[in-house]
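Colleague: I would like a close look at the aromatic rings and at what surrounds them. How many aromatic pairs does a search of the whole structure find?

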Amino acid sequence: MVNVGFVGVGGIAHRHIRSLEQLGGNRIVAFCDTMPDRATAAADEHGGTAYTELERMLLTEELDAVFLCTPPFVHAEPIEAITARGIAIFSEKPPAFDLAQGRRALAAIGASGVVSNVGFMYRWMMS
Ligand SMILES: NC(=O)c1ccc[n+]([C@@H]2O[C@H](COP(=O)([O-])OP(=O)(O)OC[C@H]3O[C@@H](n4cnc5c(N)ncnc54)[C@H](O)[C@@H]3O)[C@@H](O)[C@H]2O)c1
């Protein structure tokens with residue numbers, strides 16, 4: 001059973017939540033969003049705990065994986081915080097807002113050795 005947390009609980013997060021619920025083998029235990037209503041609504045609907053601060057969620061929960069579904073300009077810092085704890089990460093595209101943030105994210109993922117992936121929507125399409 002994989003314990004999953006979500007950071008950013010907007011439009012695309014709900015698609016991933018539905019997919020995870022269909023897949024099984026996982027338990028979504030935490031939702032973090034700077035808009036408290038979004039985190040609370042997701043926790044009320046799916047179970048788990050609502051947070052407004054990523055650090056608090058990472059300190060409190062025992063997570064195996066995090067889905068990062070924040071806007072593109074909020075990717076590098078969370079990637080660093082999540083991977084520093086050895087937690088696997090699925091980041092929504094784009095993985096970075098600019099080259100500097102991309103290098104930060106790449107360095108953090110490389111140093112941690114965690115499993116990671118980016119949600120490029122055409123990645124798994126058949127030609
Ligand atoms: N792969 C795809 O098909 C696909 C489709 C749509 C969007 N996306 C990507 O997904 C990401 C999110 O898009 P969306 O449409 O869900 O946006 P959205 O605005 O609906 O949701 C983003 C959420 O992140 C929250 N947020 C912002 N800063 C935060 C922070 N520091 N900590 C916690 N939460 C924070 C916002 O409050 C909001 O609820 C973007 O990077 C976008 O490019 C991918």
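Modeller: A search of the whole structure finds four aromatic pairs; rings of Phe, Tyr and Trp (its six-membered ring) pair if their centres lie within 6.5 Å, with planes under 30 degrees apart counted as stacked, over 60 as edge-to-face and the rest as tilted. In one of them, phenylalanine 6 with phenylalanine 31, the ring centres are 6.1 Å apart and the planes stand at 20 degrees, so this pair is stacked. It links distant parts of the chain, 25 residues apart: phenylalanine 6 belongs to strand β1 (residues 2-7) and phenylalanine 31 to strand β2. Helices (H or I, at least four residues) and strands (E, at least two) are DSSP runs, numbered from the N terminus.

This is a predicted model, in which local features need pLDDT of at least 70 and side-chain atom pairs count only at pLDDT 80 or more, while totals for chains, interfaces and linings use all residues. Residues are numbered from 1 along each chain as its sequence is written, and side-chain values use heavy atoms, with hydrogens and water left out.

Phenylalanine 6 and phenylalanine 31 are both buried; buried means under 20% relative accessible area, exposed over 50%, and partly exposed in between (1.4 Å probe, protein chains only). The two rings also belong to one aromatic cluster, formed by Phe6, Phe31, Phe67 and Phe90.

Contact here means heavy atoms within 4.5 Å. With 15% relative accessibility, histidine 16 counts as buried.

Cysteine 32, in strand β2, has a relative accessibility of 4% and therefore counts as buried. Its contacts, leaving aside neighbours within four places in sequence, include Phe6, Val7, Tyr51, Leu54 and Met57. Methionine 57 in turn touches Phe6, Phe31, Cys32, Leu63 and Val66, among others, when residues up to four places away in sequence are not counted.

The largest nonpolar core has 19 residues, and those with the most contacts inside it are Val7, Leu54, Met57, Leu58, Leu63, Val66 and Ile82. Such a core is a set of buried Ala, Val, Leu, Ile, Met, Phe, Trp, Tyr and Cys residues joined through side-chain atoms within 4.5 Å. Two or more residues each come from β2, α3 (54-60), β4 (65-68), α4 (76-84) and α5 (99-112). A second, separate core has 13 residues, including Ile17, Ile28, Ala43 and Phe67; Phe67 is also in the aromatic cluster.

At the other end of strand β2 (residues 26-32) sits asparagine 26, which at 17% relative accessibility counts as buried. Polar atoms of its side chain lie 2.9 Å from the backbone oxygen of leucine 20 and 3.0 Å from that of glycine 24. A polar contact is a pair of N or O atoms within 3.5 Å; within protein, one must be able to donate a hydrogen and the other to accept it, and residues adjacent in sequence count only if both atoms are side-chain atoms. Beyond its neighbours within four places in sequence, asparagine 26 is in contact with Met1, Val2, Val4 and Leu20.

Threonine 70, in the loop between β4 and α4, is buried, with a relative accessible area of 15%. A polar atom of its side chain lies 2.5 Å from the backbone oxygen of valine 74. Leaving aside neighbours within four places in sequence, threonine 70 is in contact with Val7, Gly8 and His75.

At the start of α5, a side-chain oxygen of aspartate 98 comes within 3.2 Å of the backbone nitrogen of alanine 100. The buried residues of this helix are Gln101, Ala105 and Ala108. They cover an arc of only 65 degrees around the axis, which puts them on the same side of α5; the arc is that of the directions from the helix axis to the C-beta atoms. The cover over these buried residues includes α4. On the other side, Leu99, Ala100, Arg103, Leu106, Gly110 and Ala111 are exposed. After α5 comes glycine 113, whose phi is positive, near 75 degrees.
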